[in-house]
Amino acid sequence: MLSIIQKWEGESGCHTDKIKQYLLLILLKAGLDAAVMYLCRRKLHTSFLNTCSLSFVLADTVMAFLMATVWFLGIERSLVPPCFLLAYASATYAALPLPMMYLGLMDYYLEDTCLGNQSAFYKSLKNVILTLLVWMLAGIYCFGSVTGELMELDYVAGIKALVCEVEESTFITYFVLVIFAAVICAMVPFCPSIPQWVCEADRLSEAGKLHENQRSDLFLTSTPCAETKSGEENDLEGPVQPRPALWLSLTLGFSIFWMPYLTLSVACLVFGFGVPAYITVNVLWLECTNSLLVGVIFWAKSDTLGPYNRLPENVCSWHICWHLSKGTPQQDIAVFNPSRGKRNTLLSV
């Protein structure tokens with residue numbers, strides 16, 4: 001795709017510089033990435049993809065600073081030509097998604113093995129080194145293929161423009177389309193049961209929060225404890241029928257949170273809104289990918305570990321999806337989210 005850097009009208013001589021618009025766009029993207037990272041705040045050492053989120057925010061900040069320098073000094077006096085900056089940034093960002101997804105998948109797969117038994121310091125060091133390595137390889141790979149030369153183009157009749165070629169992320173385009181289509185195909189046959197499953201998932205989530213609040217009080221008398229336990233057992237009676245399969249329950253949990261993002265991305269593709277890679281490769285996409293990978297690993301290990309795994313916390317409540325599919329045994333109510341640090345046990349006094 002082509003990005004317009006400058007344009008002017010032949011007859012009137014009116015000149016328009018687009019550098020300010022690009023700067024505002026990059027600042028908006030950097031702010032969005034920082035906001036998403038804050039809302040999904042987790043410890044950075046817990047996974048490789050969490051460190052990648054921080055790297056996106058830092059890279060957006062550097063790119064915004066360089067574009068601000070171009071805008072302040074002018075195209076002629078700037079050290080980095082704006083065309084080269086946009087072209088090189090788009091090519092580098094476009095090269096990141098596939099290796100990041102692969103390393104993120106391997107990181108989660110090895111989490112419950114002996115290779116995952118590392119201290120927080122070594123995990124952080126490993127994640128930082130891998131993240132820097134991915135960025136360095138992407139930058140070196142794209143450096144020789146980017147020309148960054150301005151081209152003069154007859155924009156419309158009487159209007160000329162200076163443009164440069166930037167890349168779109170083909171990988172993210174196919175990623176969004178495939179995931180969107182897969183979710184739609186999985187959910188449509190079960191539309192009548194989805195509202196009932198969502199209500200049941202909300203009820204299980206509320207029951208888990210209630211149990212966590214009650215466990216925080218260590219001074220329980222025997223009578224109220226028995227009454228509370230009896231009440232909770234009654235709340236969990238009458239399970240929904242039929243229960244969804246685990247893969248369907250996990251797909252439902254993923255779609256509830258990420259379907260708006262996928263729908264908006266598909267709408268941009270359908271209406272032909274070209275978006276360069278330095279915009280589409282962002283923390284929001286990375287968090288969506290993070291949820292997808294955690295869900296896949298959770299499903300793959302569910303036969304041996306059930307909900308008891310050491311995967312990092314995610315915006316999707318996978319343990320609720322597991323209980324929705326398998327049912328919630330009354331004796332396991334106390335451990336609703338076993339992935340959170342130390343597993344709590346039920347204390348009866």
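Two strands are said to pair if DSSP finds at least two bridges between them, and strands (E, at least two residues) and helices (H or I, at least four) are DSSP runs, numbered from the N terminus. The structure examined here is a predicted model, in which local features need pLDDT of at least 70 and side-chain atom pairs count only at pLDDT 80 or more, while totals for chains, interfaces and linings use all residues. Residues are numbered from 1 along each chain as its sequence is written, and side-chain values use heavy atoms, with hydrogens and water left out.

Strand β4 itself spans residues 159-165 and is mostly covered, with five of its seven residues buried. Here, buried means under 20% relative accessible area, exposed means over 50%, and partly exposed lies in between (1.4 Å probe, protein chains only).

Attention now turns to charged side chains. Side chains of opposite charge can pair when their charged atoms come close. With a salt bridge taken as a side-chain nitrogen of Lys or Arg within 4 Å of a carboxyl oxygen of Asp or Glu, a search of the whole structure finds four salt bridges.

One of them joins the side chains of Lys29 and Asp60, at 2.8 Å from N to O. This pair links distant parts of the chain, since Lys29 belongs to helix α1 (residues 19-39) and Asp60 to helix α2 (residues 48-73), 31 residues apart. Lys29 and Asp60 are both buried. The two also take part in a network of salt bridges that includes Asp33.

Another salt bridge connects Lys126 with Asp107, whose closest N and O atoms are 3.2 Å apart. Lys126 lies in helix α5 (residues 120-143) and Asp107 in helix α4 (residues 97-109), so the contact ties together parts that are 19 residues apart in sequence. Lys126 is partly exposed, at 31% relative accessible area, whereas Asp107 is buried, at 11%.

A further salt bridge is found between Glu200 and Arg203, with the closest N and O atoms 2.7 Å apart. Both residues sit in helix α7 (residues 194-215), three residues apart, or about one turn of the helix. Glu200 counts as buried because its relative accessibility is 6%, and Arg203 counts as partly exposed because its relative accessibility is 26%.
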